[in-house]
Amino acid sequence: MAEAVDRKTIPMDDPCWGTSELHRHDLFHLLRRIDEGAFGSIVEDVSHGGHRRPPPLILHEDARYLALNKPPDLRMDGPHPATVHKLLTYWYPPPSLLARVAARDGDGDGDPGRSLVDEVSSLAKHNDLPDNSLRPCHQLDYATSGVLLVARDRRAAGAAGRSFQDRTARKAYLAVVRGHVDPDSYPALPPGSLDGWSNGSVERGYRSTRVNKGKGTYVGFVPPHGMFHMWKGMMGKRRRRGGGTAGGEAPAVAVGETAESFPRQNKRLKDEERKAFLVPDPQLSTDEEERLMGMKWAQARAEAKFVEVFRKMSEQYNAAHRNIANEESSAAVSNQPAQGLGNSSRGRGGRSSEPLPPLFRIKGEDPNSFYVCAALAEVPGEFRCEVQPSDAHKSWKCSVSAINTTGDGSLDFKPSLTRCVVLWKGRMASQEEGLSEIEVTKLRLEPRTGRRHQLRLHLAAVAGHAITGDVAYGGHSALVGTRCDRMCLHAHSLRIPLPSGVDDNTDKEFLAPDPFDVVVGPDGRDTLQVLGH
């Protein structure tokens, strides 16, 4: 069960693969632990840039993307002894880094491998090297292991980023939680109860009410510089297809162009409305269009005419987009419970139903499956997030700071939904006094939204079953009570549409091996064993 923890406590950079000695937290020690098979067996040695690259942690590699099986307790970037960026930079060093190593070992007496480690370790962040083109496409928490997609250039990163933004990427996690989870104890709802989540009206209802009172903006708002990039993107696409515009004429829809060709926020607008957003007012000459296509926004905004063009585009776009969003969700918003948007289901066109309970099942689905539906909010200045108090488990203790109002009067509770499937229930070895084993449940988790700490908070604060090893949300007993010193949350799979051609996307799936193995114990009973522990 969840226990109160000092919310301002941020876990030390003390990795489960290290020791109490600080030098055992560095990149050299991490690489050695990888070579020892701490995160998967080494199949073979692969020569790569003069050093060894362990194949098991590189799940996929092509000209545009890498998929890494991220070790647990490893930060993404920053001035830490070891990070994802440092690990990947060591395996895929840019030319400038290799030149530094060559200059350092000019006499030929040094160890090139160790020199490379030393050079990478000295970096504070990845962009310390201008030619380091590796860019993670999403984030994993420090304590979470598993699939991490990395782009090898800016264009590839943009394509993957759009898939995450459009929520066409699908993730699945594995987790081990304390206690036995019983889906049968949750109410069963009829099929169709989640229609509002699948057709997007829940998210649109939330977004249409989230207004920044100071600036008059909202989620989905496109400022003038955003319209500038949108216009350039559409002009570039039309020119590649041979359908460029000139003299400010209304652009015709090119052959094969559909609503999918336009940015996500535009898709609910009619064709003539979409085209209107791309018509400059005042009109641009062919020469001005050519100049704009070669400019960055910092250059374009230096000219008053260009600023006026894209300011008007922005006003027109945002007015039309927000009006349609409000029409679609007005019924849902008017029926929304006062405490927030996290627990309602809406049908197409804004039809609302009774609020969803925080924990429930869907009739006709896998009997081992259940859902967690509870709004979550980030608390300014704090590491942990918070669940809407009305959805919290009776054992959860909200902090006073989370309940207090902030900013314009309230925390920004975002609707959040997670599908869970019970894979196994049993026991794992324990270090608690008087207990040789503790009860645990292995779950498959499918987040339908992507909020910060969503899986950790849904399980600990709503379901009442904290992830084993999650000190931030499960209390220190979540760690010291087991013979496992890592948080048992693993990004098991990622399915995402990625570009396979100029205008074509293909779904690709990446799988990271399951580190939570169910084995037969000495007494003949099944028990759970964590890789490396």
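Guide: Gladly; we will look at one helix and then at the cores of this predicted model.

Visitor: What makes H5 a helix of the expected span?

Guide: Helix H5 covers residues 154–165, twelve in total, and reaches 16 Å from its first C-alpha to its last. The expected span is 1.5 Å times one less than the number of residues, and for H5 that comes to 16 Å, so the two values are close.

Visitor: Which residues of H5 are called buried, and which exposed?

Guide: Buried means under 20% relative accessible area, and exposed means over 50%. Ala156, Ala157, Ala159, Ala160, Ser163 and Phe164 are buried, whereas Arg154 and Arg155, on the other side of H5, are exposed.

Visitor: Why do you say that the buried residues line one face of the helix?

Guide: Seen down the axis of H5, they fall within an arc of 165 degrees, so they line one face. These buried residues pack against strands S4 (65–70), S5 (135–136), S6 (145–151), S7 (170–178) and S17 (489–499).

Visitor: What makes a set of residues a nonpolar core?

Guide: Its members are buried residues of nonpolar kinds, such as Ala, Leu, Phe and Trp, joined through side-chain atoms within 4.5 Å. The largest such core here has 77 residues, and Leu88, Trp91, Phe370 and Leu445 touch the most other members. Helix H14 (residues 454–463) gives the most to this core, with seven residues. Apart from it lies another core of 17 residues, including Ala156, Phe164, Ala169 and Phe510.

Definitions and conventions:
Residues are numbered from 1 along each chain as its sequence is written. This is a predicted model: local features need pLDDT of at least 70, side-chain atom pairs count only at pLDDT 80 or more; totals for chains, interfaces and linings use all residues. Side-chain values use heavy atoms; hydrogens and water are left out. Buried means under 20% relative accessible area, exposed over 50%, partly exposed in between (1.4 Å probe, protein chains only). Helices (H or I, at least four residues) and strands (E, at least two) are DSSP runs, numbered from the N terminus. The arc is that of the directions from the helix axis to the C-beta atoms. Contact means heavy atoms within 4.5 Å.
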